[in-house]
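Subject: Handover of a structure

Dear colleague,

Please find below the structure that I am handing over to you.

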Amino acid sequence: MLLTFSVEDMTRNQIKNGGKASVICRIRELVRELKEGGMSDEAILKAIFSDKEYPSSVKMCYDRIILLVAENIQVRLSPMEMTLYELLLRHPDGISSDDLVLHWKELCSIYRFWSMRDDPAEVESIMESLCDESKVVLYSTVSRIKKRMKAAVGPFRAGEYCIKMDSGLYRIKAKLVE
């Protein structure tokens, strides 16, 4: 059975006048019908919180990322994490791990900004570790960001904000808001 549901189906007055319980009841009924129709919990959640309908966006400031669609939740990141995250937000088509070095000047500039370090040799040394052929620092940085996002918004919503490997490229679904 195919169901279509929108908040517009419920009157705004019903919600405003304390009818939240009846709206929640109706949503539960619809979810039950979807489950009876064979949809899994994950499929239902994906359909409800589709990023096509509600595009995720982030704002970067100081030592944190603000997840704008997720109730402005703030996630603290290290300067290295902020650098990688911002670089990938600036390149929505993705970057392969081998091509990080092709963005050397951009990486150094971003890191200098987030770390507030002025010594070019120190900045370059730290960025060399991120671009190193072993990829140890890159992998651990991606993993730490994923862990922080999951802790902030839960495993389901974290997917919108995490760095993911897709067709050999690192990408982030969320969009940067300046």
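Two residues are in contact when they have heavy atoms within 4.5 Å of each other. On that basis, among contacts in the chain between residues at least 6 apart in sequence, 53% join residues at least 24 apart. Please note that this is a predicted model.

The chain holds seven helices and six strands. Read from the N terminus, the elements follow the order α-α-α-β-β-β-α-α-α-α-β-β-β. Of the 178 residues in the chain, 34% are buried.

Two residues deserve a separate remark on their backbone. Most residues other than glycine have a negative phi. Y62, although not a glycine, has a positive phi of about 55°. K135 is likewise not a glycine, and its phi is positive at about 65°.

Where do these residues lie? Y62 is found in the loop between β1 (57-61) and β2 (64-67). K135 has its place in the loop between α6 (120-131) and α7 (136-158).

Is each of them buried or exposed? Y62 counts as exposed because its relative accessibility of 69% is over the 50% cut-off. K135, in turn, is buried, because its relative accessible area of 7% is under the 20% cut-off.

Yours sincerely

Note on methods: Residues numbered from 1 in each chain as written. Predicted model: local features only at pLDDT ≥ 70, side-chain atom pairs only at ≥ 80, totals over all residues. Heavy atoms only, no water. Helix = DSSP H or I, 4+ residues; strand = E, 2+ residues; numbered from the N terminus. Buried < 20%, exposed > 50% of the residue type's maximum accessible area, 1.4 Å probe, protein only.
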